[in-house]
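Student: I would like to work through this structure step by step, from single residues to the whole chain. May we begin?

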Amino acid sequence: MTSHLATRSSGCCVSKECVIVKQHADSCREVQKKTKTFSCDHCGKEFMGESSLNSHMRIHTGQKSFACELCGKRFTRKTTLNSHMRIHTGQKPFACELCGKSFCHKTSLNSHMTVHTGQKPFACELCGQRFNLRTTLNRHIRIHTGQTPFACELCGKRFRHETSLNYHMSVHTGHKPFACGLCGQKFSHKTHIKDHMRIHTGQKPFACELCGQRFNRQTTLNSHMRIHSGQKPFACELCGQRFKRKTNLNCHMRIHTGQKPFACELCGKRFSHMTNLKGHMRVHTGQKPFACGLCGQKFSYKTHIKDHMRIHTGQKPFSCELCGQRFTRRSTLNRHIRIHTGQMPFACELCGQRFRYETSLKGHMSVHTGHKPFACGLCGQKFSQNTHIKDHMRIHTEEKPFACELCGKGFNRKTDLNRHTRVHTGQKPFICELCGQGFSQKKSLNNHTSVHPGQKPFGCVT
């Protein structure tokens, strides 16, 4: 246009075409004189119109003036709200010309096209992995940075992706909108029902390349692969113990926190693991599904039958480092160790007396409650503990299964034999705190305390 006007600078041209071109040029100059650019005070970005600047300012202010009437979600722009409404209406106006798949948004179609072209223009600068979407790259970057920007407002737990937070919220709400059409089981996520359906179909599409074992989930295969590699990627930050699975780490953390989220509905006892609660329920039901193949004795827990088998094999794998005594169970060894350490971790809340074993504390509580549920069938005498009635029955049967190895004298209780043995050994474990004198029996120490001034255990009752 400029060159055309230059050739007509003499002013001799009066053609209609020349006049129209000159009028258009003058109009453009007037528009340029009147046009003002609007600049953002926050970031400096310029806009041709004031309305465009106002829309842009909502990015900085966080203002979301446009609300969806169906779900309440808010947006900064009217056009974004219009696009969002297609989620509710199901409208998908943008179709792929290659495969026919339809999308709600033009940007979604553009992103989809990279599936056909194989184009991955966005590369991670840290590991080189490439992505077809900028948003996917941004999410991937958080793996390297450890950033977890999405926090649950109810429990404070943080997540790397917004979708993970949305999934997590169903833990609090209990919302499970996806139901299995075959068995009716409900799920919080659509992906979970897809995995669940393979239980009915028997489909196991994920195979281990090393041993051939097949799985119905990719995550289960990934966990299985750590058996071969020995990899334990999940470490406890408090004690350093490592685990193959995240779920195992989460269960382990309850040891440190003392958290026991699983409660028995019948007696209120709480447990740190669901498997422990399930095992405990057999105490109430009386179910004992695990039987010994040699003697037929049944047990509530599988671990108990393993311990029981050592009675038949005579195996005692747990040895005390202080005295060399061996035991069939780790728990029995741990209790034995307290004899050497003098540890008494179980305290009575009513009188403060401490005990080496939890069973001893439970037996002691009957002193306060007076509860004696175990009665002798021969003489009617009652006892607070089942073990006491067993000892008592030997009075009627005159059985004396505990014999002294030094003199052959027999006793009907193990405790009586222990006291008698001190006659031969001269051991005096009960020491007077006032004078240091030792005694072989606790009863003798109690009687001795009356020797000291001010100690009068037997008062005159008037």
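**Residues and overall form**

Student: Is Leu-322 buried or exposed?

Tutor: This is a predicted model. Leu-322 has a relative accessible area of 61%. Exposed means over 50%, so Leu-322 counts as exposed.

Student: Which residues are in contact with His-392, leaving aside its neighbours within four places in sequence?

Tutor: His-392 is found in helix 15. Its relative accessible area is 8%, and buried means under 20%, so His-392 is buried. Leaving aside neighbours within four places in sequence, its contacts are Cys-376, Cys-379, Gln-381 and Phe-383.

Student: What is the C-alpha to C-alpha distance between Gln-218 and Lys-204?

Tutor: Gln-218 lies in helix 9, which covers residues 218-229. At 39% relative accessibility, Gln-218 counts as partly exposed. Gln-218 and Lys-204 are 14 residues apart in sequence, and their C-alpha atoms lie at a distance of 9.7 Å.

Student: How many disulfides are found in the whole structure?

Tutor: A disulfide is a covalent bond between the sulfur atoms of two cysteines. The cut-off for such a pair is 2.5 Å. A search of the whole structure gives a count of zero.

Student: Which cysteine sulfur is nearest to that of Cys-124?

Tutor: Cys-124 is in no disulfide. Cys-124 is buried, its relative accessible area being 4%. The nearest cysteine sulfur is 3.7 Å away and is that of Cys-127.

Student: How far from Cys-251 is the nearest cysteine sulfur?

Tutor: Cys-251 is likewise in no disulfide. At 26% relative accessibility, Cys-251 counts as partly exposed. The nearest cysteine sulfur, that of Cys-236, is at 13 Å.

Student: What is the radius of gyration of the protein chain?

Tutor: The secondary structure comprises 17 helices and 30 strands. For 462 residues the globule rule gives 23 Å, and the chain is well over this, so it is more spread out than a compact globule. Its C-alpha atoms fill a box of roughly 145 × 60 × 40 Å along the principal axes. The radius of gyration is 41 Å.

Student: What percentage of the residues of the protein chain count as buried?

Tutor: The chain exposes about 33,600 Å², of which carbon and sulfur atoms supply 51%. Among contacts between residues at least 6 apart in sequence, 0% join residues at least 24 apart. Of the 462 residues, the buried share is 20%.

Student: How far apart are the centres of the positive and negative side chains?

Tutor: The protein chain has 74 positive side chains and 25 negative ones.

Definitions and conventions:
Residues are numbered from 1 along each chain as its sequence is written. This is a predicted model: local features need pLDDT of at least 70, side-chain atom pairs count only at pLDDT 80 or more; totals for chains, interfaces and linings use all residues. Side-chain values use heavy atoms; hydrogens and water are left out. Buried means under 20% relative accessible area, exposed over 50%, partly exposed in between (1.4 Å probe, protein chains only). Helices (H or I, at least four residues) and strands (E, at least two) are DSSP runs, numbered from the N terminus. The radius of gyration is taken over C-alpha atoms; the globule rule is 2.2 Å times the number of residues to the power 0.38. Contact means heavy atoms within 4.5 Å. Accessible areas come from the Shrake-Rupley method with a 1.4 Å probe; for residues, only the protein chains shown count as cover. Lys and Arg count as positive and Asp and Glu as negative; His and the chain ends are not counted. The place of a charge is taken as NZ of Lys, CZ of Arg, CG of Asp or CD of Glu.
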